[in-house]
Amino acid sequence: MSETLKKLKKAVLEGDDDLALSLAQKSLEEGAQPLAIVNEAIVAGIQEAGELWKKNEYFQSDMIMSAEAFRAAMEVVEPNLAAGETSTAGKLVIGTIAGDMHNLGKIMVVAMLRGAGFHVIDLGEDVPTKTFIDKVKELKPDILGLGCYMTTTMAEMENVIKHLEESGLRDSVKVMIGGVPTSQEYANESGADAWGKDALDAVEKAQRLMDGGKLE
Amino acid sequence: MMEQPRMTVSAGMPDHVMTLTGIPAKKFYWDAKTCVDAFAEVADYYQMDVFNATADLYNFEVEGLGAKMVYGDNSMPTIDFREPLIKEPKDLLKLKTPDFYRDGRLLFALDCIKLGKEREKGATVGRFCGPFSLAVGLRSYPALIKDMRKRPEFARDLLTFVVDEVLLPYLKVQKEYCGINIAGGANAWAVVPNLSVSELKEWSVPYSRRLVEKAKEIGIMANCADGDYNEERLEKFNTEILYGAFDVQIASQGMPAIFLGMGRWQDFPLQAVLDYTAKYRSQGIMIPVRAAVNALFLRNGPADKIVDYIKRYISTFAPEHEISMALANIPADTNPDHVHAAVAAIHTYGRKPIAENLDEIEFKLPKRESFQEWKKLKSA
């Protein structure tokens, strides 16, 4: 691995978004293959951050900085990738439900999912139910990810699932939920297929959903 | 006949109160009398001893400073983190101390404290957003973390501004308008694992302390406890980090007192807490160990497990610690049976003096009418 790629991996791992961006640019200029930049440096960096988080060596502050550095580097490299080169694990549409503005968890989930090879379409925050339904129709994702932070907006998740059923789309897409007030119990009550307790768990659950694995 | 003294119960519960009473969000979060009446009624229904009509803990000050908010039809007004008020460090220079009687819903917040204090069971304390959490509200969490790492001087300026130009003047107004001389801060961003212990010590504790010390000068005893241990994954439970979090709690409060707040204390080993407090007990210090019943646990139940946790907490800490218990932020759709069970358990097992063997105390899960039925019975 080139020195630049090593430095890029370190920049993502240590959450330096400005440095990650400039090193990603430099890697391209040096002629590194875009796919190698992604896999060997950018993804490797955020995956190592995830491992450190599991070991209690990284905290949320470290993870969010890694996610931001991942995003910055990917923005530079992604336009240079051939279509579908990295997004082989599955397609996932994600958003924070109507009335809810919180996106911290989603930022990390999106980065970790992309790092795991998912093609992620982020609809943003305060997403109306109709938009979720329209996007499922249009983009035909494997998984729909719904996030929320407030207990009063949480009920909107059930509403989205209900509308998926009414639109005849429920069987075509798996639904995964997440966010501070959610739980496995609520996932069961709301009719979701999976609950991601945090970004790493969301990746594991998404992979299991793609494998057709049974989730409690 | 005088009632036997017992542990008192209070709760954080704005979302739950709004949902249970069916009051539209745009009335509940704007009309102080409606809000306080609803809190008082729900506290009565659950037989709570004290209620704190705090409609919100993290948005009033930020909104008053001019932040963009989102006002949902069914939810608490919330900061639009997509467009934080301080987008660039230079934006801090544009901010001024809010007019607490005019800006945002600050007057509503003041009226809630004032009206709540006048009620029989109403709390007599002021409320504020902790300095670190307020800085997050103004800047967004990712940007503030980046500031702490790359622009530490700016991060310090922001936190100092928050204390000196927002929170202290706000407490002063709370004292003048509401007549309070005690105030409690909420600092949910300043917890483990949102921050590491060392980050908490560097970036939250000094500003919580600054506020507490300066509040004394205006005659207010403020408390702002940082360092709640909120690890979600049981396999990551770590006593070294937990003890670091307890050190932060003690440092931020300026006295030996710890709390088992929003974390999964129903699942964490309580013995680990006893091991930490041993050094105080050996010096004869009855260190307070306050506890909350976790919000998700309260929502999901089951009731008998909630009761079991409350019993274990009281049984574990009552002999050699000062104890008190609250229900953490009760989720909107929590089954009222779970709340009734928690209140009854605290009242039953918390009868003073606390029994040596709680197994000898008979406890039955209460069977209660719904809130609507209770209202009908009350009015009849």
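**Notebook: a look around chains A and B**

I began with Arg105(B), which is buried, having 20 other C-beta atoms within 10 Å. My cut-offs: buried means 20 or more other C-beta atoms within 10 Å of the residue's own, exposed means 12 or fewer, and partly exposed is in between, with C-beta atoms placed from the backbone. This is a predicted model, so I note that local features need pLDDT of at least 70 and side-chain atom pairs count only at pLDDT 80 or more, while totals for chains, interfaces and linings use all residues. Residues are numbered from 1 along each chain as its sequence is written, and chains are lettered from A and ligands numbered from 1 in the order in which they are written.

**Around Arg105(B).** I found Arg105(B) in the loop between β3 (78-79) and α5 (106-118) of chain B. Helices (H or I, at least four residues) and strands (E, at least two) are DSSP runs, numbered from the N terminus. Leaving aside neighbours within four places in sequence, Arg105(B) is in contact with Trp30(B), Phe60(B) and Glu63(B); contact means C-beta atoms, placed from the backbone, within 7 Å.

**The core.** Next I looked up the largest nonpolar core, which has 204 residues; Ile42(A), Ala73(A) and Ile310(B) have the most contacts inside it. Such a core is a set of buried Ala, Val, Leu, Ile, Met, Phe, Trp, Tyr and Cys residues joined through C-beta atoms within 7 Å. Helix α8 (residues 152-178) of chain B gives the most to this core, 12 residues. I then followed Ala73(A): beyond four places in sequence, this residue touches Leu8(A), Val12(A), Ala20(A), Leu21(A), Ala24(A) and Ile42(A).

**Two helices of chain A.** The axes of α1 (residues 3-13) and α2 (residues 17-29) of chain A come within 9 Å and cross at roughly 155°. Axes are lines fitted to C-alpha atoms, for helices over the stretch in contact, with angles from 0 to 180 degrees between N-to-C directions. α1(A) and α2(A) are therefore roughly antiparallel, a label for angles over 145 degrees. Among the residues that meet here are Leu8(A) and Val12(A) in α1(A), and Ala20(A) and Ala24(A) in α2(A).

**Domains of chain A.** I noted domain 1 (3-80) and domain 2 (90-210), with bounds from an automatic or database domain assignment. Their centres, taken over C-alpha atoms, are 25 Å apart. The contact takes 12 residues from domain 1 and eight residues from domain 2. On the domain 1 side, α3 (34-54) and α4 (60-77) each supply at least two residues.

Most residues other than glycine have a negative phi, and most peptide bonds are trans. I listed Asp126(A), a non-glycine with a positive phi of about 50°, in the loop between β2 (118-122) and α6 (129-139) of chain A. Asp126(A) counts as buried, with 21 C-beta neighbours inside 10 Å. Lys140(A) also has a positive phi of about 50°, but this residue is exposed, with 12 other C-beta atoms within 10 Å.

Another cis bond joins Lys352(B) and Pro353(B), omega about -5°. Pro353(B) lies in the loop between α15 (336-349) and α16 (371-379).

Definitions and conventions: Two residues are in contact if their C-beta atoms, placed from the backbone, lie within 7 Å. Angles under 35 degrees count as roughly parallel, over 145 as roughly antiparallel, 65 to 115 as roughly perpendicular and the rest as oblique.
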